[in-house]
Amino acid sequence: MSEIILGLSAYYHDSAAAILKDGEIIAAAHEERFTRKKHDSSFPINATKYVLNEAGASLDDLTAISFYDKPYIKFERLLETYHGFAPKGLTSFLSAMPVWVKEKLFMRKMLKDELSKIGQLNKKQFLFPEHHLSHAASAFYPSPYEEAAIVTVDGVGEWATTTIAHGRGNEIEILRQLDFPHSLGLLYSAFTYYCGFKVNSGEYKLMGLAPYGNSDDGHTRKWKQIILDEFVDIREDGSLLLNMDYFNFATGLTMCCEDKWEKLFGIQRRESESQLSQPYMDLALAIQQVTEDIVFRLTDTAEKLTGCEYLVMAGGVALNCVSNGKLLRRGTFKDIWIQPAAGDAGGSVGAAYAAWHIWKKEQRKVIPGQDSMKGAYLGPEFHFSDMERTARKYNASYEKYSDFGRLCSDVAELLTQGNILGWFQGRMEYGPRALGNRSIIGDPRHPEMQKKLNLKIKYREGFRPFAPSVLEEDILDYFDLDRPTPYMLLVAPVQESRRNTLPENYDQLPMYERLYHLRSDIPAITHVDYSARIQSVNKDTNGKYWKLIKAFKDKTGYGLVVNTSFNVRGEPIVCTPEDAYICFMRTEMDYLVMGEYLFKKSDQPVWKGDDDWRSRYELD
Ligand SMILES: [Fe+2]
């Protein structure tokens, strides 16, 4: 009989469920996609139902249920942090305590209560691997390496904020651990907060803002020095000590002591959604540079301690694809693999793998050059009858193609005309990125594409260019990157031959003039520093998306398209055909492709009665 393990992450942010059957990942999904509440942290009841269903299993069939952290130790951290900083932290301690006592401390009972809403739950084995062990397991076990150095970096788990470990066969040995409050993730989040973005979700915006910083300008250099002198003591091995005189996260309800920061930097905390001025861009660059220094020292230490040729990473900081790209180019490791769901949602996969390989002591089956995450296409897939049902419900008009090749050719033609399309195929992605199954796509050569996508589809004045999806075999034609990057976790430079010269005063131009200047022949995906956040598309892993991009190449000579996630600002990525149709109708998207159905906007009935939807979604 098969052994089935359910992995869960919940109650902090980005709840998720994952399921392994005899060690093979069958399904994984974020709860937010079902509840339509971004970063939903509640018990992942919908995601759990889905993964069980996908595995053809009931609760009773489970060998174990593995939760991604140890609630007791986390509770101890809260208590000790309170004592360490008393009486400074009394307010937050009092507000956090009742929740902990009532809910989190009795996790086993709570999980049982929640799961019993789904079905019969007889005596079951509950496991609680530590938070960073879950991250480490999510990075190492599905990786294509028999042996690797493991680095996990996030805000905080129970106590750990960073670990270095050694993965070999089915074993993970933790070699170094850095504890709360000394945390690279929280340091980065404090700057995210100070620059006016949301903690735990706006970090990628800070990273995208950094290329606008002027590195030759006095600000960035001076501020980097201030960060190193005042905020953080970085040791040779990458461990660090934060000066808690400047941070509030251990005791307060905010991230940093704003008055002290204001004195040091001479700028106030930026109001969310207010205009972005040069000093915030310089500050973003300063903290990005400090982050990279720390990550490089940590990974150098990991190499020294393990002697490994390969590195795997997880934890929120591993989503910093700018630092990942530079890390790869430093050449410390032959190659790097990063868990696509590197944040806490990925803890569910990691907890399940930890149960299988550590608790059950099962061996791994490593296929060199191929990871086990199945392209991260681990979410729900819908039948053509679901699409037809949605179409009937909204009286929608569509054309059905019996020949997928002809559909791709027609879609490619529509892209060349500057149209923007929703592309909905196969299984939904696991992890924060849309990888061509729930994507909005466009022509990367089009001079107006960035502006159009930002203003008419995403309804934001985004300052980041979009990401390209490029045929895996064509990467080098466009980017200075010699290997696949299927999960959009590496940033690399656009090839010099494709770049346009910039005006002399480029660095002094206002932000949006810089953004909309045509920097290359693929301007929609080229950032202001000529970098791009790349997804490579493999013919076998995602044949449909590959065929579409190939059809676009056949028409234009360009083997890449713009790929942005299928959602509007602040909304979770669409899950069902109905979510997709609604998003298509609310925005100024020109066409929608679902399976083999093509919906043209101008043929649809008038969309009505839904004007308040924008106020429902908050910005990161
Ligand atoms: Fe984490």
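**The iron site and its surroundings**

The secondary structure of the protein comes to 20 helices and 21 strands.

Colleague: Which residues coordinate the iron ion, and what are the angles among its four donor atoms?

Modeller: Please bear in mind that this is a predicted model. The iron ion is held by the NE2 atoms of His 131 and His 135, together with OD atoms of Asp 154 and Asp 344, at 2.1 to 2.3 Å. The angles among these four donor atoms run from 90 to 168°, and the site is irregular. The reason lies in the cut-offs: four donors count as tetrahedral if all angles lie between 85 and 135 degrees, and the range here reaches 168°. Water is not among the atoms, so sites may look incomplete.

Along the sequence, the donor residues follow the spacing H-x3-H-x18-D-x189-D. The two histidines, His 131 and His 135, belong to helix H6, which covers residues 131–140. They are four residues apart, about one turn of the helix. His 131 and His 135 are also both buried.

Turning to the whole protein, buried residues make up 60% of its 620 residues. Of the contacts with a separation of 6 or more, 72% join residues 24 or more positions apart. Along the principal axes, the C-alpha atoms fill a box of roughly 65 × 65 × 50 Å. The protein exposes about 24,300 Å², of which carbon and sulfur atoms supply 47%.

Terms used. Residues numbered from 1 in each chain as written. Predicted model: local features only at pLDDT ≥ 70, side-chain atom pairs only at ≥ 80, totals over all residues. Heavy atoms only, no water. Donors = N, O, S within 2.8 Å, 3.2 Å for Na, K, Ca; no water. Tetrahedral: all angles 85-135°; square planar, octahedral: opposite > 155°, others 65-115°. Buried < 20%, exposed > 50% of the residue type's maximum accessible area, 1.4 Å probe, protein only. Contact = heavy atoms within 4.5 Å. Areas by Shrake-Rupley, 256 points an atom, 1.4 Å probe, with all protein chains shown as cover.
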